[in-house]
Amino acid sequence: MSDVVSPLISMPLTAADRCDRCGAAARVRAGLPGGGELLFCRHHYNAHEARLADLGASVYSPDDELV
Ligand SMILES: [Zn+2]
């Protein structure tokens, strides 16, 4: 048996990246298994976190790494 690990999304977020829901500065990048990508501000990431986990999304959050 071998675990399938989703590749980490390592592209940095920039000031040009905006939350798909509200247009605020993006803080989290979520890559979907099907190839899509979503950007969220902190607020909307928190709101959709459980859903993203259900989808098996790969979440990249620079803020978490810097703290
Ligand atoms: Zn938002």
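**Zinc site, salt bridges and core**

Reader: What makes R29 and D17 a salt bridge in this predicted model?

Author: In this predicted model, the closest N and O atoms of R29 and D17 are 3.7 Å apart, and since the criterion asks for a side-chain nitrogen of Lys or Arg within 4 Å of a carboxyl oxygen of Asp or Glu, the pair counts as a salt bridge. R29 lies in strand β1 and D17 in the segment before β1, so the contact ties together parts that are 12 residues apart in sequence.

Reader: How do you know whether R29 and E37 are buried or partly exposed?

Author: Buried means under 20% relative accessible area and exposed over 50%, so R29, at 2%, is buried, whereas E37, with 41%, falls in between and is partly exposed. The side chains of E37 and R29 also meet in a salt bridge, at 2.8 Å from N to O, and salt bridges that share partners join D17, R29 and E37 into one network.

Reader: Why is the site of the zinc ion called tetrahedral?

Author: The zinc ion is coordinated by C19 (SG), C22 (SG), C41 (SG) and H44 (ND1), at 2.0 to 2.4 Å. Four donors count as tetrahedral if all angles lie between 85 and 135 degrees, and the angles among these four donor atoms are 102 to 114 degrees, which makes the site tetrahedral.

Reader: What makes V28, A30, F40, Y45, L52 and A57 a nonpolar core?

Author: Such a core is a set of buried residues of the listed nonpolar kinds joined through side-chain atoms within 4.5 Å, and these six residues form the largest one. Elements β1 (28-31) and α1 (42-55) each give two or more residues to this core.

Terms used:
Residues numbered from 1 in each chain as written. Predicted model: local features only at pLDDT ≥ 70, side-chain atom pairs only at ≥ 80, totals over all residues. Heavy atoms only, no water. Donors = N, O, S within 2.8 Å, 3.2 Å for Na, K, Ca; no water. Tetrahedral: all angles 85-135°; square planar, octahedral: opposite > 155°, others 65-115°. Buried < 20%, exposed > 50% of the residue type's maximum accessible area, 1.4 Å probe, protein only. Helix = DSSP H or I, 4+ residues; strand = E, 2+ residues; numbered from the N terminus.
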